[in-house]
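Hi there,

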Amino acid sequence: MTMRLHVWCVAVWLLHSVVVQAADPMDDASVDAARARIQIDRQTQNALYDAQLDACLTRFAVTDCQNEVTKRQREAQARLKREEVELNDSVRRQRAQEQ
């Protein structure tokens, strides 16, 4: 179950990368869609993180497992933050060009 969720997150991220590159001048609808996708990805990642932490409790080396899961969570959240910053930067640049 968690592997499927992880694969789904990666697929959505890759699809988003293609969509953002294809929609160069972004209209309000595509910006809203990108922000909604980032929010959904965050929620999905948080759910995956919680499920993986729960799974760690069934292992012998709980702390190592929790550390690894937390590391992956931080990396995923950093990636989403970078995407959000890139989106905000592109919107800011586009609005500056329009003025």
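Let me start with the disulfide: the torsion about the S-S bond of C56 and C65 is about -70°, so this disulfide is left-handed. Please keep in mind that you are looking at a predicted model. The sulfur atoms of C56 and C65 lie 2.0 Å apart, and a search of the whole structure finds one disulfide. Are these two cysteines, C56 and C65, buried or exposed? Both C56 and C65 are buried.

Next, the helices. Helix α3 covers residues 62-98, which is 37 residues. Buried positions in α3 include C65, Q73, R79, E83 and Q94, along with V69, A76 and L80.

How does α3 sit against helix α2, and at what angle do they pack? Helix α2 (residues 28-56) packs against α3 at about 175°, and the axes are 9 Å apart. That angle is over 145°, which means α2 runs roughly antiparallel to α3. Sorted by class, their contact has 13 nonpolar, eight polar and ten charged residues.

Finally, the largest nonpolar core has six residues: M26, V31, A34, I38, L87 and V91. Helices α2 and α3 each supply at least two residues of this core, with α2 giving the most, three residues. L87 and V91 also belong to the buried residues of α3.

Enjoy exploring it!

Best wishes

Terms used
Residues are numbered from 1 along each chain as its sequence is written. This is a predicted model: local features need pLDDT of at least 70, side-chain atom pairs count only at pLDDT 80 or more; totals for chains, interfaces and linings use all residues. Side-chain values use heavy atoms; hydrogens and water are left out. Helices (H or I, at least four residues) and strands (E, at least two) are DSSP runs, numbered from the N terminus. The expected span of a helix is 1.5 Å times one less than its number of residues. Buried means under 20% relative accessible area, exposed over 50%, partly exposed in between (1.4 Å probe, protein chains only). Axes are lines fitted to C-alpha atoms, for helices over the stretch in contact, and angles run from 0 to 180 degrees between N-to-C directions. Angles under 35 degrees count as roughly parallel, over 145 as roughly antiparallel, 65 to 115 as roughly perpendicular and the rest as oblique. Ala, Val, Leu, Ile, Met, Phe, Trp, Tyr, Cys and Pro count as nonpolar, Asp, Glu, Lys and Arg as charged, and the others, Gly among them, as polar. A disulfide is a pair of cysteine sulfur atoms within 2.5 Å. A nonpolar core is a set of buried Ala, Val, Leu, Ile, Met, Phe, Trp, Tyr and Cys residues joined through side-chain atoms within 4.5 Å.
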